[in-house]
Amino acid sequence: SVPGLQSFAAGQFGDQWLVLAGKTGGMHSFESGNTSAWVIDPATKQAWGRELSDSQSGLNQHAIDSLSGSNTQSYQRDNTLFITGGYVYETNIDNFTTYNDLTAVDLPELIDWVKTPGTQMPSNTILQTQGALGGGSAYEGGFFQVTGGGMFEVAGQTQLIFGQMYEGPYLHDGSYQKYTSQVRSFDINYDHGAGSLSYSNGAVDPTGGDPS
């Protein structure tokens with residue numbers, strides 16, 4: 001029952017995989033965002049899916065759209081999947097954009113919600129915070145407004161590496177593309193029990209990026 005997916009974010013809890021975001025269509029079919037959370041058990045060859053727009057998710061439209069983005073950056077720390085950016089259609093602005101969000105996903109809670117229809121998603125399962133807007137001299141757009149880059153934790157600090165900001169429909173007159181040409185470093189401050197997510201010590205290198 002799992003559709004063909006590409007450019008998604010994924011984490012693992014126990015023997016099960018959780019897959020979010022990405023696309024179900026062809027390489028440049030950006031209208032085909034994956035709006036479901038999928039749980040896959042590769043050992044038993046079972047799969048479960050649930051729409052993030054389910055009324056019992058408690059998610060607003062912005063969160064639903066952001067979690068259907070293409071080419072997000074992500075990595076897993078313990079039982080939490082952290083996701084940034086991604087390119088997708090934003091319902092609230094009626095246009096395609098690169099998201100400026102950092103998202104924390106509690107893997108066991110979301111996996112349980114997907115596999116148990118009719119249940120309410122716990123309020124702290126998915127938390128989001130937006131990145132600060134740059135003035136253009138240090139970086140352009142939002143701090144997390146990146147798609148197609150990489151994200152890794154090195155020595156306790158998160159590194160958002162390269163990627164680009166793309167605004168407007170893909171390959172369309174009036175669209176805008178800007179490669180970051182830099183590494184953005186920050187500390188994630190996350191407390192699942194308290195329902196808090198923020199970041200601190202944000203830095204960019206080199207300032208303004210270096211296309212060379």
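Guide: This is a predicted model. A place to begin is Lys 45, in the loop between β3 (36-41) and β4 (46-51).

Visitor: Why is Lys 45 called exposed?

Guide: Exposed means over 50% relative accessible area. Lys 45 has 74% relative accessibility, so Lys 45 counts as exposed.

Visitor: What is the phi of Lys 45?

Guide: Lys 45 has a positive phi of about 60°, although it is not a glycine. Most residues other than glycine have a negative phi. Ser 181, in the loop between β14 (176-179) and β15, also is not a glycine and has a positive phi, of about 55°.

Visitor: Why does Ser 181 count as buried?

Guide: The cut-off for buried is under 20%. Ser 181 has 18% relative accessibility, so Ser 181 counts as buried.

Visitor: Which peptide bond is cis, with omega near 0°?

Guide: The bond from Asp 205 to Pro 206. Pro 206 belongs to the segment after β16 (196-205). Most peptide bonds are trans.

Visitor: Where is Val 204, and what does Val 204 touch?

Guide: Val 204 is in strand β16. Leaving out residues up to four places away in sequence, Val 204 touches Ala 138, Tyr 139, Phe 143, Gln 182, Val 183 and Arg 184. Val 204 has a relative accessible area of 18%, so it is buried.

Visitor: What makes the pair of Tyr 87 and Tyr 166 edge-to-face?

Guide: A pair of aromatic rings is described by the distance of the centres and the angle of the planes. Rings pair if their centres lie within 6.5 Å, and planes over 60 degrees apart count as edge-to-face. The count comes to 13 aromatic pairs. For Tyr 87 and Tyr 166 the centres are 5.5 Å apart and the planes stand at 80°, so the pair is edge-to-face.

Visitor: Why is this pair said to tie together parts that are apart in sequence?

Guide: Tyr 87 lies in strand β7 (residues 87-90) and Tyr 166 in strand β13 (residues 164-167), so the pair ties together parts that are 79 residues apart in sequence. Tyr 87 and Tyr 166 are buried.

Visitor: What makes the pair of Phe 143 and Phe 186 edge-to-face?

Guide: The ring centres of Phe 143 and Phe 186 are 5.7 Å apart and the planes are at 80°, so this pair is edge-to-face. Phe 143 lies in the loop between β10 (126-130) and β11 (150-154) and Phe 186 in strand β15 (residues 183-191), so the parts tied together are 43 residues apart in sequence. Phe 143 has 3% relative accessibility, so it counts as buried; Phe 186, at 0%, counts as buried.

Visitor: Which residues do ring pairs link into a cluster?

Guide: Tyr 87, Tyr 89, Phe 96, Tyr 166 and Tyr 170.

Visitor: How do you know that Asn 100 is buried?

Guide: Asn 100 has a relative accessible area of 10%, and the limit is under 20%, so Asn 100 is buried. Asn 100 is found in the loop between β8 (95-98) and β9 (101-106). The side chain of Asn 100 reaches the backbone oxygen of Gly 131 at 2.7 Å and the backbone nitrogen of Phe 143 at 3.3 Å. A polar contact is a pair of N or O atoms within 3.5 Å, so both distances fall inside the limit.

Visitor: What puts the buried residues of α2 on the same side?

Guide: In helix α2 (residues 107-115), the buried residues include Leu 107, Leu 110, Ile 111, Trp 113 and Val 114. They cover an arc of only 160° around the axis, so they lie on the same side of α2. At the start of α2, a side-chain oxygen of Asp 106 comes to within 3.0 Å of the backbone nitrogen of Glu 109.

Visitor: How many residues has the largest nonpolar core?

Guide: The largest nonpolar core has 21 residues, and Leu 18, Leu 20, Leu 52, Val 105 and Leu 110 have the most contacts inside it. Its largest share, 5 residues, comes from α2. A second, separate core of 15 residues includes Tyr 139, Phe 144, Leu 160 and Leu 197. In soluble globular proteins, nonpolar side chains tend to be buried together.

Key:
Residues are numbered from 1 along each chain as its sequence is written. This is a predicted model: local features need pLDDT of at least 70, side-chain atom pairs count only at pLDDT 80 or more; totals for chains, interfaces and linings use all residues. Side-chain values use heavy atoms; hydrogens and water are left out. Helices (H or I, at least four residues) and strands (E, at least two) are DSSP runs, numbered from the N terminus. Buried means under 20% relative accessible area, exposed over 50%, partly exposed in between (1.4 Å probe, protein chains only). A polar contact is a pair of N or O atoms within 3.5 Å; within protein, one must be able to donate a hydrogen and the other to accept it, and residues adjacent in sequence count only if both atoms are side-chain atoms. The arc is that of the directions from the helix axis to the C-beta atoms. Rings of Phe, Tyr and Trp (its six-membered ring) pair if their centres lie within 6.5 Å; planes under 30 degrees apart count as stacked, over 60 as edge-to-face and the rest as tilted. Contact means heavy atoms within 4.5 Å. A nonpolar core is a set of buried Ala, Val, Leu, Ile, Met, Phe, Trp, Tyr and Cys residues joined through side-chain atoms within 4.5 Å.
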